[in-house]
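Visitor: Please pick one part of this model and go through it closely, residue by residue. Then set the other loops and the charged side chains beside it.

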Amino acid sequence: MTKIELTVDGGKVSEDVEPRMLLVQFLREKLGKTGTLIGCDTSNCGACTVHLNGHAVKSCNMLAVQADGAEVTTIEGLAATYDGGELHPMQAAFHECHALQCGFCTPGMIMRSVDLLNENPDPSEEEIREGLEGNLCRCTGYHNIVRAVQTAAAAGKGAQS
């Protein structure tokens with residue numbers, strides 16, 4: 001076992017973990033952050049996307065011990081740490097634009113979209129589509145997802161996790 005210390009959704013966490021435990025398993029199994037989903041276990045789908053030190057990462061592709069000392073934000077923490085617990089503007093835009101169907105990709109898609117707007121606050125449609133390439137949706141055809149990111153960007157409130 002290896003002791004790790006990190007900040008998750010604004011709270012300090014200190015836990016003993018197996019050195020081979022993935023970050024997604026740590027978040028779900030040790031901390032109960034079940035909004036971070038396990039989709040493919042190969043980093044292809046992006047359902048497990050979280051923010052690590054402010055940048056989107058696929059948590060199935062890194063070990064929990066690699067997050068030692070880091071700040072992690074999950075989909076649950078995105079709203080909880082934003083403006084008194086209101087929905088984050090990206091979450092609100094996904095809701096408003098009906099940017100989900102089954103909802104499985106939605107947490108990872110939202111986390112990646114926030115990072116995308118942090119990198120580029122005014123992306124074109126093509127830049128949004130390119131920025132979301134590592135996150136797969138099998139239901140929507142992406143049109144409403146792209147529209148949600150555009151809506152959040154136009155409001156100037158999509159970034160800042």
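Guide: A residue is called buried when its relative accessible area is under 20% and exposed when that area is over 50%, with partly exposed in between. The model is a predicted one.

S3 covers residues 49-52 and pairs with strand S4, residues 55-58, in the antiparallel sense over four bridges. Within this pairing, threonine 49 stands opposite lysine 58 of S4, and valine 50 has valine 57 of S4 as its bridge partner. S3 has a further antiparallel pairing, with strand S5 (residues 71-73), made over two bridges. There, leucine 52 has valine 72 of S5 as its bridge partner.

What of the two faces of the strand? In a regular strand, side chains alternate between the two faces of the sheet. In S3 both faces are covered: Thr49 and His51 lie on one side, Val50 and Leu52 lie on the other, and all four are buried.

The loop between S3 and S4 contains asparagine 53. The hairpin has two residues between its strands, and asparagine 53 takes a positive phi near 50° there. Most residues other than glycine have a negative phi. Asparagine 53 counts as exposed, because its relative accessibility is 52% and the cut-off is over 50%. Between asparagine 53 and valine 114 the C-alpha to C-alpha distance is 13 Å, with 61 residues separating them in sequence.

Aspartate 9, in the loop between strand S1 (2-8) and strand S2 (11-17), has a positive phi near 50°. Aspartate 9 counts as buried, since its relative accessibility of 14% is under 20%. Histidine 98 sits in the loop between helix H3 (89-96) and helix H4, and its phi is positive as well, near 55°.

Now the charged side chains. The structure holds six salt bridges. One of them links aspartate 115 to arginine 112, with 3.0 Å between the closest N and O atoms. Both residues belong to helix H4 and are three residues apart, about one turn of the helix. Aspartate 115 is buried at a relative accessible area of 3%, and arginine 112 counts as buried at 15%. The side chain of arginine 112 also meets that of glutamate 119 in a salt bridge, at 3.5 Å from N to O.

Arginine 129 counts as partly exposed at 34% relative accessibility, and glutamate 125 is partly exposed at 41%. Elsewhere, salt bridges with shared partners join Arg112, Asp115 and Glu119 into one network.

Last, the surface has a patch of negative charge made up of Asp122, Glu126, Glu127, Glu130 and Glu133. Of these, aspartate 122 lies in the loop between helix H4 (106-119) and helix H5 (125-131). Aspartate 122 is exposed, because its relative accessible area of 65% is over the 50% cut-off.

Technical notes: Residues are numbered from 1 along each chain as its sequence is written. This is a predicted model: local features need pLDDT of at least 70, side-chain atom pairs count only at pLDDT 80 or more; totals for chains, interfaces and linings use all residues. Side-chain values use heavy atoms; hydrogens and water are left out. Patches are made of residues with over 30% relative accessible area and no salt bridge: like charges are joined within 9 Å, nonpolar side chains (Val, Leu, Ile, Met, Phe, Trp, Tyr) within 5 Å. Accessible areas come from the Shrake-Rupley method with a 1.4 Å probe; for residues, only the protein chains shown count as cover. A salt bridge is a side-chain nitrogen of Lys or Arg within 4 Å of a carboxyl oxygen of Asp or Glu. Lys and Arg count as positive and Asp and Glu as negative; His and the chain ends are not counted. The place of a charge is taken as NZ of Lys, CZ of Arg, CG of Asp or CD of Glu. Buried means under 20% relative accessible area, exposed over 50%, partly exposed in between (1.4 Å probe, protein chains only). Two strands pair if DSSP finds at least two bridges between them.
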